[in-house]
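Could you walk me through this protein structure, step by step? I am new to reading such models and would like to know where to look.

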Amino acid sequence: MTSSSSASSSVPRLVIAAPSSGSGKTTVATGLMAALTARGLAVSPHKVGPDYIDPGYHSLATGRAGRNLDAYLCGPELVGPLFLHGARGCDIAVVEGVMGLYDGAAGEGELASTAQIAKVLRAPVVLVVDASSQSRSVAALVHGFASWDPEVRIGGVILNKVGSDRHEALLREALDAVGVPVLGVLRRAPQVSTPSRHLGLVPVAERGAEAVDAVAAMAAQVSDGCDLEALVALARAAGPLPGGVAPWTPEPTHGPARSDRKSPPRVAIAGGAAFTFSYAEHAELLAAAGAEVVTFDPLRDEELPEATAGLVVGGGFPEVYAAELSANEPLRRAVAALALSGAPVAAECAGLLYLCRELDGAPMCGVLDASARMSGRLTLGYRDAVAVSDSALAVAGTRMRGHEFHRTVVEPGAGAAAAWGMRAPERRVEGFVERGVHASYLHTHWASEPGVARRFVERCRTS
């Protein structure tokens with residue numbers, strides 16, 4: 001395989017899907033990305049849905065930013081442009097699906113499903129089937145998925161968790177009658193498994209060398225068990241995206257150009273093992289709006305970056321690192337002082353917890369008069385929201401769609417000036433707007449409302 005870099009709308013592409021969660025999508029998608037990268041191809045990694053963790057493994061496999069394609073958060077009309085933005089300069093794109101192929105936002109039909117993304121991208125689908133407890137029935141399963149929606153093209157099947165040569169022969173014989181080619185057979189391989197905890201897989205940033213070894217094992221398994229040439233040929237069979245679809249750009253469409261600005265404000269973004277959840281487009285939007293974007297690690301750095309004018313603290317697992325975050329008292333004081341000064345601070349989920357007085361009894365930054373704790377209840381789902389209060393991110397009345405995913409509780413759940421009013425699935429207010437602080441459980445994708453980043457940077461200039 002040779003590299004032939006392409007940034008056109010006809011970039012070769014595959015969607016890796018499955019009948020259900022737990023079938024092996026992440027293993028196959030990440031392993032395929034790493035295997036193709038090892039063969040000299042520039043691979044563009046994508047993930048359907050709002051998940052932050054899988055893109056971390058994709059980034060490790062490819063050396064490129066893992067990017068999300070979410071038709072609920074950003075709207076179907078942005079899926080193609082965001083895909084082309086991420087795939088710019090790449091030879092092939094691999095898109096890992098979410099849940100089962102046809103599963104999407106609850107009560108919204110196909111919206112946000114892997115099937116919808118495959119149709120928008122006109123991409124062939126490779127179905128990963130957990131064959132561990134079936135033989136001939138695999139044919140009925142694959143036939144059903146292939147015929148359910150004629151606009152979804154199932155281009156091949158990868159059989160996962162196959163027990164023996166005899167088992168493989170039975171599966172192949174059954175699938176001969178379906179007309180969907182078998183593009184790979186993977187045996188059970190515990191060395192490729194990734195550890196999980198209360199919100200899913202453990203992020204790459206927390207595993208270090210173990211994550212590198214796991215991705216290498218996935219690549220070896222896919223290389224040994226799959227027909228890579230056939231998979232690349234299938235990807236190349238994808239036609240161009242619909243006419244008129246152009247790559248998304250973070251550059252503002254109005255307002256002064258960056259070159260007209262002087263002394264760009266410095267925006268610090270929390271990173272490290274405790275704050276791993278962020279969409280790559282957020283930093284790109286901030287930079288395009290004129291900010292100098294720098295990252296810091298609240299677990300290690302005792303000071304904010306010099307001359308910080310604004311702070312973004314995204315999602316992650318502060319509950320796992322509560323003791324370490326609490327022990328970094330100098331940084332907690334610096335964050336509190338910045339917030340008290342009125343500087344813009346945007347905090348999502350983990351960031352919300354970090355700004356509270358305490359998390360599971362461990363002192364946090366004390367920016368918000370609220371306490372946070374772990375709970376046994378999972379809060380999960382898409383949200384249709386409207387900004388309740390004017391803030392550094394949005395004017396009141398701005399509608400955005402978001403996603404909640406946590407097992408923590410903040411008490412009280414909203415401040416005197418709330419951040420969001422939830423319109424669906426239930427009506428409630430949530431989050432805090434105080435001084436320049438906007439803190440909330442809601443994860444949003446700023447590409448859906450680029451004015452968020454521009455407003456934030458302007459506030460950094462003037463605060």
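Which strands does helix H4 lie across? Helix H4, made of residues 114–121, lies across E1 (13–17), E2, E3, E4 and E5 (125–130). Relative to E1, helix H4 runs at about 170°. Keep in mind as you look around that this is a predicted model.

Now turn to the sheet itself. It is an open sheet of seven strands with parallel pairing, and its order is E3-E2-E4-E1-E5-E6-E7. Strand E3 (67–69) and strand E7 (182–187) stand at the edges; each has a single partner strand, so one side of each is left without a neighbour in the sheet. If you follow the sheet across, the twist averages 25° from one strand to the next.

Next, let's see how two helices meet. Helix H2 (residues 53–62) packs with helix H8 (residues 209–225) at an angle of about 75°, and their axes are 10 Å apart. Angles of 65 to 115 degrees count as roughly perpendicular, and H2 and H8 are therefore roughly perpendicular to each other. On the H2 side the contact is made by Tyr57, Leu60 and Ala61, while H8 brings in Ala211, Val212 and Val215. The residues of this contact divide into six nonpolar, no polar and no charged.

Finally, look for the aromatic rings. The structure holds seven aromatic pairs. In one of them, Tyr102 and Phe145 have ring centres 5.9 Å apart and planes at 25°, so the pair is stacked. Tyr102 lies in the loop between E4 and H4, and Phe145 lies in helix H5 (residues 137–148), so this pair ties together parts that are 43 residues apart in sequence. Phe145 counts as buried, because its relative accessibility is 16%.

Phe277 and Phe317 make another pair: their ring centres are 5.4 Å apart and their planes stand at 80°, so the pair is edge-to-face. This pair also links distant parts of the chain, 40 residues apart: Phe277 is in the loop between strand E10 (266–270) and helix H10 (280–288), and Phe317 is in the loop between strand E12 (308–313) and helix H11 (322–327). Phe277 is buried, with a relative accessible area of 7%, and Phe317 counts as buried at 0% relative accessibility. Together with Tyr52 and Tyr279, Phe277 and Phe317 form one aromatic cluster.

Technical notes. Residues are numbered from 1 along each chain as its sequence is written. This is a predicted model: local features need pLDDT of at least 70, side-chain atom pairs count only at pLDDT 80 or more; totals for chains, interfaces and linings use all residues. Side-chain values use heavy atoms; hydrogens and water are left out. Axes are lines fitted to C-alpha atoms, for helices over the stretch in contact, and angles run from 0 to 180 degrees between N-to-C directions. Helices (H or I, at least four residues) and strands (E, at least two) are DSSP runs, numbered from the N terminus. Angles under 35 degrees count as roughly parallel, over 145 as roughly antiparallel, 65 to 115 as roughly perpendicular and the rest as oblique. Contact means heavy atoms within 4.5 Å. Ala, Val, Leu, Ile, Met, Phe, Trp, Tyr, Cys and Pro count as nonpolar, Asp, Glu, Lys and Arg as charged, and the others, Gly among them, as polar. Two strands pair if DSSP finds at least two bridges between them. Rings of Phe, Tyr and Trp (its six-membered ring) pair if their centres lie within 6.5 Å; planes under 30 degrees apart count as stacked, over 60 as edge-to-face and the rest as tilted. Buried means under 20% relative accessible area, exposed over 50%, partly exposed in between (1.4 Å probe, protein chains only).
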